[in-house]
Amino acid sequence: MEAFYYFVFGVLGVIVAATELSKSNKDRINTSQPFNAFKNNYLVVYSLMMAGDWLQGPYVYYLYTTYGYGKGDIGQLFIAGFGSSMLFGTIVGSLADKTGRKRACVTYCITYILSCITKHSPHYKVLMLGRILGGIATSLLFSSFESWLVAEHNKRNFDQQWLSLTFSKAIFLGNGLVAIIAGLFGNMLVDSLNLGPVAPFDAAACFLAIGMAIIMSSWTENYGDPSESKDLLTQFKGAAVAIASDEKIALLGAIQSLFEGSMYTFVFLWTPALSPNDEEIPHGFIFATFMLASMLGSSFASRLMARSSLKVESYMQIVFVVSAASLLLPILTSLLVPPSEEKGGGIKFAGCLQLLGFCTFEACVGIFWPSIMKMRSQYIPEEARSTIMNFFRIPLNIFVCIVLYNVNAFPITVMFGMCSIFLFVASLLQRRLSVIADKTKTEDWSQLRERDAEAEPLNDA
């Protein structure tokens, strides 16, 4: 069965290369030299930030086990990370609108570096502090950088369509290529060079420090609403009012929470799904295959968003339906494929089918990220962008904490079924968002025509 892994990886690699090399003028966006310099600077920083994040991921659980902690203690550490992101991260991330997005990005680097340093200690309280710091850093990573980019892009008067190019390239590199390289690099540090499970965290801190130096030397500051009369509570109230009063923002938040909640649940479920009888599977290689599938998705997304006639709100309905169907495969295989009683060995036929479905889901993830970024740039008001984006992560973090706490309470097929339902609901909400967006544009166009009609008699006079 080892040949199967290489076959899937090879096919995906060929498709990704063919997709990138075969782009025509219709699939590309013509840009200016100043924009390219701005975009490349951001992509370098974003890739370094994601390298710092990806290097840690595969070794967090393993490091805790080497310190002698069991599944229950480790579960509490993970819950603390997501809980910290929900509570402290929301507050710190929201301050970016008031104190500055560049400053928030630097804070991310410092906070995550401190989190990496705590991994050198085997003491549970120190590790818990590291998880809390990591949770705060995660909130800053997924709000402050995007908020800074959108504000700076608009401040420099670049074309709005060019923003989608930066988004798709950031996901292609940061969530795809960098993830694969980070996985291989981390494996080399731990297994080949025998530097121990803490080595990837030290390497992550180095990448974060380099990125922080670039931010401090080349980025300018921008704000949401720097008004001194607005305290944090007023900011929260303003963000809550914006979400409650604008159905488009509320729908966008619900869609994001449903998809990301399913995505994070999938992270916990794919290993037991592929090896229900303790089959030996190459976790690192499968992870690299998933990231390659994500790169394929982001490459497709860049093509889709390059066409001004094709709306993000339209094609994302299909993406959510496909992702829902792909996570139904574990349920279908359990019903249609006779279960194997053999313990150990290689991946079984049902696992092979599920792996193909999981790669499809990861491709949908690759399309989702730049597309949701594009929609957030359109619908979320600039003055409270970071605050609202962190509000969106509150239900997500609650959901993930509940899943982590009850991960052994339900059969794996029930968990996948729940994720599939969430994704189908996301497609329905996306349909609603598309209808409202079209209605708003029609009303704006009608008002513009009425204004022009009223102005014509004045011009004749």
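Author: On a 1 Å grid over the protein atoms alone, a cavity is a set of points where a 1.4 Å probe fits but cannot get out, whereas a pocket is an open set with protein on both sides within 12 Å along at least five of seven lines; a lining residue has an atom within 4 Å of a point. Volumes are the space filled by probe spheres set on the points, which are joined across faces, edges and corners.

The model is predicted, so that local features need pLDDT of at least 70 and side-chain atom pairs count only at pLDDT 80 or more, while totals for chains, interfaces and linings use all residues. Residues are numbered from 1 along each chain as its sequence is written, and side-chain values use heavy atoms, with hydrogens and water left out.

Confidence is described by pLDDT (the predictor's confidence in each residue, from 0 to 100). The chain averages 87, and 93% of its residues score at least 70. Among the elements (DSSP runs numbered from the N terminus, helices being H or I of at least four residues and strands E of at least two), helix α9, residues 199–218, has the highest mean pLDDT, at 97. The lowest mean, 77, belongs to helix α17, residues 412–460.

The cavities may be taken in turn. There are two with a volume of 30 Å³ or more. The second largest cavity holds about 30 Å³. Around this space stand Tyr 5, Val 8, Phe 285, Ile 286, Thr 289 and Leu 355. Two elements, α1 (2–21) and α12 (283–306), each supply two or more of these residues. The main contributor is α12, which gives three residues. In composition (Ala, Val, Leu, Ile, Met, Phe, Trp, Tyr, Cys and Pro being nonpolar, Asp, Glu, Lys and Arg charged, and the others, Gly among them, polar), this lining has five nonpolar residues, one polar residue and no charged residue.

The largest cavity has a volume of about 100 Å³. Its lining consists of 13 residues, and those nearest the centre are Leu 141, Phe 142, Glu 146, Met 373 and Arg 376. Of the elements, α15 gives the most, with three residues. Charged residues do occur here: the lining of the largest cavity comprises four of them, together with seven nonpolar and two polar residues.

Two or more lining residues come from each of α11 (247–274), α14 (329–336), α15 (349–379) and α17. By class, eleven of the lining residues are nonpolar, eight are polar and three are charged.

Read together, these linings share some elements. Where pLDDT is low, the predicted coordinates should not be read in detail.
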